[in-house]
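Visitor: I would like to learn how to read a model with several chains. Where do we begin?

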Amino acid sequence: MSTLTLRPTRKRLKSRTGANVRIISGVVACFLFLVPVIWMVATSFKLPTDIFTTPPSFFAPITFSNYGSYMDAADIPHRMMNTVIVAIGASVLSVVAGAMAGYALSRLRIKGAATIGVLILVSRGVPPIALAVPMFLVARKLNITDLHITLILAYCTFLIPYVMWLMRSFFLALPKELEESAMIDGTSRLGAFFRIIVPISMPGLISTLIFSVILAWEELLFALVLTNRNAATIPVAIAGMAADTENGAMWGQLAAVGTITVLPLIVFALLVQKWLVKGLAESATKG
Amino acid sequence: MMQMNHGNGRRMRRTLIAGGVTAALALSLGGCATASNDAPAAVDGGGLGTADKPVEITMIANDGYAKQWQENMVPEFNKEFPNIKVNIEGVPYGDQLSKTLLEMTAPEPRYDIVMADDNWIPQIASTGGLLDLKAGAAAWTDEDYDWDDFYPAALAAGEWDGKQYGVPTRSNLLMMFTNKSLYEKAGLEAPTPEITWDEYMEQAPKLVQDTDGDGAVDAWAVGTYFVRDSLTPTIWQTILNSNGGKLLDDDGTVAFDNKKGVEALQTQMDLLQYAPPGASTWQFNEPLEAFRQGRLATMFTWGSVYRGTAVDPTTTTLTPEQVGIQTLPVGSASAGAHRGVWSAAISSKSAHPEASWALVQWLTSKAGEKWQSNTLGVFPARQSTLNSTPEQEWLVPVFAAIKEGFEAVDAGQMWRPRMVESDAVQQILADQTGEAIPGQITAQEAVDTMSADITKLLK
Amino acid sequence: MNAIQIAKPISGLAQSKSGRRFQKYRVLDFFDRWTFMVPAAVLLLAVLAYPLLYTVQISFAKLDLATFAPSEWVGWENYATVLTDRGFLNSMKVTAIYLVLALPIQMFLGFGIAFLINAEWRGRGLIRALFLIPMVIVPVVAGGVWKMLLDPLWGVFNWMGSLVGLPTVDWLGDPTLAMVSIVMIDTWRWTPFIVLIASAALMALPQDVFEAAAVDGTRWWQTLRYITMPLLAPIIAATFVVRWLGAVKMFDIALAATRGGPGQSTNVVNLYIYEQAFRSLKFGESSAMAVIILIITVILTLIFLAMSKKLEDRF
């Protein structure tokens with residue numbers, strides 16, 4: 001910072017303007033991405049007769065009935081709880097296992113590890129529909145269908161490869177001296193990893209965690225096949241509402257569901273932002 | 001290091017072998033699970049339960065009505081059968097058949113009662129998973145349970161290979177909805193069930209109109225399924241049937257690769273001209289919204305939407321006086337309709353067959369069916385119910401239309417193929433129909449391809 | 001490379017001690033290293049081994065729907081059927097078009113926006129969180145909302161167009177525009193993922209390098225070309241590979257927005273396989289398709305990995 005203050009004022013001004021231009025265009029881009037979201041939220045407050053109109057109704061009478069009937073719909077609070085448990089469980093498990101594997105790939109020369117890593121990565125290439133049916137057959141054989149842990153394990157199959165590969169690249173960007181010094185102090189590799197590498201990689205870890213939670217949150221196919229009632233998640237309920245063959249889909253309600261399911265994740269993302277910045281600050285002091 | 005590596009490899013191999021063994025075990029166990037399908041249920045599985053030992057049964061149903069039943073129908077049932085606890089689990093429609101089949105493979109399946117859409121019974125029954133009701137449940141059937149009171153066409157939806165696996169619990173028919181106000185505005189008489197396809201197509205251009213005089217067209221003649229979907233072909237299948245044609249002969253050979261087949265498909269394709277812009281992407285929901293907004297003069301869709309379309313002011317801008325419901329226009333042979341009956345069937349491996357049948361029997365009895373259509377507005381399948389005067393006034397014209405519909409369905413065999421491959425056949429029809437409607441191929445080309453593909457499938 | 005560097009000083013230390021301790025150290029070290037790989041590998045092996053085996057097995061058999069077990073071995077018949085299946089071949093073509101359009105757009109937009117919102121200011125945390133929303137909306141709802149927006153009759157887009165005199169556009173009803181729409185919706189949904197990863201990567205970049213560059217008076221594009229890009233190369237490559245593996249499996253948006261139509265023009269391969277398996281119940285054939293897609297995906301992924309390795313080495 002001190003170097004910057006010594007620079008000529010004109011240059012500083014220019015970089016400030018540059019930053020402002022960046023910020024403004026960033027905000028505009030963000031707004032554009034939010035247009036459909038805004039429409040969804042607006043729809044969730046409309047009466048069914050106001051949703052499909054020409055011209056589109058912007059100032060329709062506001063109703064909260066969509067939210068009421070949504071919470072009223074089959075088992076929603078229970079399903080929401082299930083979704084939270086499964087998404088968090090699968091993500092934490094995947095981030096721990098995936099980050100360790102990513103570290104092994106980036107830093108530890110192990111014979112065969114690279115091959116295993118590539119195998120793990122390409123396991124993502126299997127169409128999920130091909131996995132869902134046999135997974136169900138196995139789960140039933142073991143008598144573990146309709147349990148949270150089953151869904152958590154199933155979700156790990158697509159989360160771990162992501163986490164591993166992304167974290168590998170984050171670890172590659174770290175300075176090599178970091179764990180060397182710790183190792184010489186006699187700390188084990190595992191100790192060095194959790195005490196030094198993990199804190200410094202917080203931005204990457206948190207981003208991957210957020211991403212994992214999101215993927216697990218909206219997964220439909222495995223949840224549909226592997227659960228019935230006890231561990232059933234929100235996306236299955238939504239798919240059912242959208243495919244209402246009796247009365248037609250209630251778009252107000254669906255938009256309300258969409259809005260409600262988004263909220264916890266946004267709160268979660270805002271909460272973990274703190275660590276995102278903290279990790280950065282720490283790496284700045286240490287690096 | 002080498003040693004370790006070696007050991008590790010061996011361990012790895014062992015794990016793999018273990019995995020393989022587990023897999024083989026799983027498969028062989030799965031293989032044993034096939035039960036003979038027609039054996040009458042030997043045990044009553046705790047009968048109807050007692051206050052001390054209630055029985056619990058589970059039903060797999062469609063999300064569209066699972067909740068309605070759980071909250072309204074089950075309490076009513078429990079007034080009479082307090083010791084049977086009923087769980088109804090909903091599944092999204094599109095995945096319901098696969099999910100049902102998958103669940104039925106278990107030696108002790110989770111579900112005692114299975115809800116089957118119109119053309120699913122052969123597929124599910126062929127796996128040996130369903131109870132033959134007239135044989136296996138005869139001992140528990142009330143003497144006054146009147147099988148012959150059902151419309152034959154409705155009961156036939158639960159029948160396959162000479163056995164009655166299901167009974168109609170929610171009847172539905174493909175119907176024509178009309179918006180009488182738009183007909184009036186176009187200076188036309190509202191259609192009656194006697195209208196023919198020729199008359200209908202002649203009126204269609206006049207129903208594409210500008211109702212508020214601002215110079216822009218804001219109302220159209222028709223809306224229905226146009227997108228690639230297994231229910232889209234049911235429109236031209238109905239037209240084919242009402243022209244006396246058939247999709248398949250009784251021996252399962254293709255019977256629509258002729259002028260009648262091409263014409264029927266062409267009629268559905270022509271409808272698109274009189275539908276709103278963007279209608280080529282329409283499935284079930286989109287025409288409904290447009291009709292409820294008063295933009296469509298006619299709509300071909302399932303009768304069950306009538307309440308939300310004509311009666312319920314929170315979902316529709318229309319009133320029962322404006323909305324007509326009737327059979328599809330008359331072809332060279334008869335009026336048209338297409339059967340969409342949900343049948344309730346019972347798992348042959350159910351641990352509580354008597355209790356399960358008690359529920360299904362109660363719901364489909366004369367009293368139960370009347371209760372259901374009066375309270376929930378669900379369409380009945382019994383002649384006694386359809387000939388009675390419904391408590392809810394809006395049901396009066398609907399009952400009249402359903403009766404005509406069932407008669408047309410029965411006469412023209414207006415249903416999807418009754419065979420194990422029924423869904424696969426509909427999928428083939430859907431693929432080509434979906435390409436023909438937006439004009440990517442001609443009706444003739446579509447019919448040629450469909451016939452070839454179906455012949456190959458059924459070979 | 002790194003591991004060797006780390007290991008050297010320690011092994012040097014160990015060598016001065018007795019041979020037995022050295023041996024013991026080697027063993028411990030071996031376990032120490034493998035500890036990192038084992039959880040992920042074991043977990044995936046346990047959960048995936050049987051399903052993969054089953055899929056391959058079923059792809060050579062007829063499936064008995066009464067048991068979901070193979071009932072009859074048919075050799076390569078399923079593969080032969082599938083490889084002459086117009087729908088399947090078409091779906092691969094459709095997928096290729098979608099990937100070629102969507103991936104570069106998303107990568108470019110993602111890193112670009114990450115660069116924009118990463119400017120030092122107080123609101124960036126919030127902006128980053130808001131950017132997540134498109135990804136979070138359940139596909140069925142997202143597809144439905146987009147259908148509302150794009151509808152020729154009720155849609156906001158066409159209504160706004162009509163205000164400035166543009167003709168009504170049938171976004172989802174025209175084969176070409178439907179593909180454009182799918183790419184657009186997919187880009188809306190997944191660009192935020194790239195923004196998320198890219199901004200984390202940008203934040204993790206050592207700031208002193210940029211300060212030094214600023215002091216030198218280096219132009220921004222020079223900074224980008226010679227400092228930012230080389231540092232970002234591994235993460236760009238990794239993001240691409242991850243996004244590619246995600247995009248290959250896209251089917252939910254196509255199902256919700258166009259149902260693969262009009263005709264077959266947006267019927268991507270995973271949607272096709274899903275429908276063949278779960279709607280038409282052709283599990284044998286769909287397993288064969290799944291195996292073919294797996295092989296193609298593996299080959300292309302290996303090519304991408306080799307390319308990204310080159311990229312990493314080059315910088």
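Guide: Begin with domains. The domain bounds used here come from an automatic or database domain assignment. Keep in mind that this is a predicted model. In chain B, domain 1 covers 8-171 + 342-383, and domain 2 covers 174-338 + 400-458. Their centres, taken over C-alpha atoms, are 32 Å apart.

Visitor: How many residues of domain 1 of chain B are in contact with domain 2 of chain B?

Guide: Contact here means C-beta atoms within 7 Å. By that rule, 14 residues of domain 1 of chain B meet 15 residues of domain 2 of chain B. On the domain 1 side, α4 (121-125) and α6 (152-155) of chain B are the elements that give two or more residues. α6(B) gives the most, with three residues. By class, that side of domain 1 of chain B has eight nonpolar, five polar and one charged residues.

Visitor: Which domains does the assignment give for chain C?

Guide: Domain 1 of chain C is 3-59, and domain 2 of chain C is 81-314. The C-alpha centres of these two domains lie 35 Å apart. Their contact takes four residues from domain 1 of chain C and six residues from domain 2 of chain C. The domain 1 side of that contact holds two nonpolar, two polar and no charged residues.

Visitor: Now the fold of a single chain. What is the secondary structure of chain A?

Guide: Count elements, then look at their order. Chain A has 14 helices and zero strands. For burial, the cut-off is 20 or more other C-beta atoms within 10 Å of a residue's own. Of the 287 residues of chain A, 55% count as buried. Sequence separation is the next check. Among contacts in chain A with a separation of 6 or more, 77% join residues 24 or more positions apart.

Visitor: Which residues touch the most other members of the largest nonpolar core?

Guide: That core has 322 residues, and A:Tyr155, A:Ile238, C:Ala40, C:Leu132 and C:Val141 touch the most other members. Take C:Leu132. Leaving out residues up to four places away in sequence, C:Leu132 touches A:Ile210, A:Ile214, A:Leu265, A:Ile266, A:Ala269, C:Pro192 and C:Leu196.

Visitor: Last, record annotations. Where does UniProt list "transmembrane region" in chain C?

Guide: Read the record, then check the model over the listed spans. The unreviewed UniProt entry lists residues 34-53, 96-117, 129-149, 187-205, 226-245 and 288-307 of chain C. Residues 187-205 of chain C are 95% helix and 0% strand, with end C-alpha atoms 26 Å apart. Residues 226-245 of chain C are 100% helix and 0% strand, and their end C-alpha atoms are 29 Å apart.

Notes. Residues numbered from 1 in each chain as written. Chains lettered and ligands numbered in written order. Predicted model: local features only at pLDDT ≥ 70, side-chain atom pairs only at ≥ 80, totals over all residues. Helix = DSSP H or I, 4+ residues; strand = E, 2+ residues; numbered from the N terminus. Buried ≥ 20, exposed ≤ 12 C-beta atoms within 10 Å, placed from the backbone. Contact = placed C-beta atoms within 7 Å. UniProt positions renumbered as here; feature names shortened; annotations may be inferred. Nonpolar A, V, L, I, M, F, W, Y, C, P; charged D, E, K, R; others polar. Core = buried A, V, L, I, M, F, W, Y, C linked by C-beta atoms within 7 Å.
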